[in-house]
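Colleague: Before I look at this fold on my screen, could you take me through it by question and answer?

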Amino acid sequence: MSLPSSSKVYGRDEEKKQIIDILLNNTSSSVTDAKTLSVLPIVGLGGLGKTTLAQMVFNDEEIANHFDTKFWVCVSDEFDIKLVIKAILEDKAEASLEELQKKVRDKLRGRRYLIVLDDVWNEEVKAWDDLRSILDCESNGAFVLTTTRKRNVAEIMETIQHVTLSSLSEDDCWLLFEQRAFEHEKPKTQNFINIGKEIALKCKGVPLVAKTLGSQLRFNGDEEEWCRIRDSELWKISENEKSIMPILS
């Protein structure tokens, strides 16, 4: 959904500013026609916080003031054009694609709109071309912001060079872990802080891993259990992989 699950996000202010600047100003040199639908993808491995970043942008006050209307669509595995349009229309009634495309174009035409397509996996050029042709109503400053794990998807959709999301810094990853692992205003012993920092370091800057492990340890006061997680053989699973997500499994 468009509402973020946490009010505090670490280490994404720079990327947020970069994306908002593009959405507000069309600063990219690749945008040659203001009335052409602009598409900016956010790309990154699973768990890096692509959706969280999109939520931050979507709910920003400057964005709310700039766009006439905003829509949030969770796309996920199935790239179904009718479902995307129904989500924008907020209409679940059965209708043909012809009826739906007329309705959505009437709704979008003449308005500066922002559409977020979250978690896109589609790699079929024709499927995206079909959806884009429906959503492109020659509205001045209209934007699609999309999130995806796959660079191929981004390159199919983008009219503006995609933003690649990097891992969190060690400091930000620790702050996120600390927020989840230690109760507010409860005294923290130095031993737990030291072990926690070592666990946070092994999270390799992936927010989802830091949040999950921190939350799991929050009410566990057993130092041996913290050490067991820190020293687990499972960390070796990700050493030869691009993703640390198997650790969660």
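Colleague: How many bridges join strand 2 to strand 3?

Modeller: In this predicted model, strand 2 and strand 3 run parallel to each other. Within this pairing, tryptophan 72 stands opposite valine 116 in strand 3. The number of bridges that join strand 2 to strand 3 is seven.

Colleague: Which residue in strand 4 does valine 116 stand opposite?

Modeller: Strand 3 also runs parallel to strand 4, residues 143-148, and four bridges join the two. Strand 3 itself is mostly covered, with seven of its eight residues buried. On the strand 4 side, the residue opposite valine 116 is leucine 145.

Colleague: Is histidine 162 buried or exposed?

Modeller: Histidine 162 lies in the loop between helix 7, residues 151-157, and strand 5. Its C-alpha atom is separated by 9.8 Å from that of isoleucine 19, although the two residues are 143 residues apart along the chain. The relative accessibility of histidine 162 is 7%, and the cut-off for a buried residue is under 20%, so histidine 162 counts as buried.

Colleague: How are the rings of phenylalanine 58 and tryptophan 72 arranged?

Modeller: A pair of aromatic rings is described by the distance of the centres and the angle of the planes. For phenylalanine 58 and tryptophan 72 the centres are 5.5 Å apart and the planes stand at 80 degrees. Planes over 60 degrees apart count as edge-to-face, so the arrangement of this pair is edge-to-face.

Colleague: Which elements of the chain does the pair of phenylalanine 58 and tryptophan 72 link?

Modeller: The two residues are 14 residues apart, and their pair links distant parts of the chain. Phenylalanine 58 counts as buried at 7% relative accessibility, and tryptophan 72 counts as buried at 15%. Phenylalanine 58 belongs to residues 50-58 and tryptophan 72 to residues 69-76, which makes the linked elements helix 2 and strand 2.

Colleague: Which residue lies over the face of phenylalanine 58?

Modeller: The ring of phenylalanine 58 has a partner at its edge-to-face contact, tryptophan 72. A further residue lies over the face of the phenylalanine 58 ring, at 4.3 Å from the ring centre, and that residue is lysine 70.

Colleague: Which residues do ring pairs link into a cluster?

Modeller: The count of aromatic pairs comes to six, and the pair of phenylalanine 58 and tryptophan 72 has its ring centres 5.5 Å apart. The cluster that ring pairs link consists of Trp174, Phe177, Phe182, Phe192 and Trp226.

Colleague: Which element gives the most to the lining of the largest pocket?

Modeller: The largest pocket has a volume of about 560 Å³, and of the 30 residues that line it, the closest to its centre are Gly49, Lys50, Thr51, Thr52 and Lys211. The lining divides into 12 nonpolar, 10 polar and eight charged residues. Helix 2, strand 3, helix 8 and helix 10 each supply at least two lining residues, and the element that gives the most, with four residues, is helix 2.

Colleague: What is the phi of glutamate 138, and what is its relative accessible area?

Modeller: Most residues other than glycine have a negative phi. Glutamate 138, in the loop between helix 6 and strand 4, has a positive phi of about 55 degrees although it is not a glycine. Glutamate 138 is exposed, and its relative accessible area is 60%.

Colleague: Where is lysine 204 found?

Modeller: Lysine 204 likewise is not a glycine and has a positive phi of about 55 degrees. Lysine 204 is partly exposed, with a relative accessible area of 41%. Its place is the loop between helix 9 and helix 10.

Note on methods: Residues numbered from 1 in each chain as written. Predicted model: local features only at pLDDT ≥ 70, side-chain atom pairs only at ≥ 80, totals over all residues. Heavy atoms only, no water. Phe/Tyr/Trp six-rings, centres within 6.5 Å; stacked < 30°, edge-to-face > 60°. Buried < 20%, exposed > 50% of the residue type's maximum accessible area, 1.4 Å probe, protein only. Lys NZ or Arg CZ within 6 Å of the ring centre and 35° of its normal. 1 Å grid on protein atoms, 1.4 Å probe; cavity = no way out; pocket = protein on both sides within 12 Å on 5 of 7 lines; lining within 4 Å. Points joined across faces, edges and corners; volume = space filled by probe spheres on them. Nonpolar A, V, L, I, M, F, W, Y, C, P; charged D, E, K, R; others polar. Pairing = 2+ DSSP bridges.
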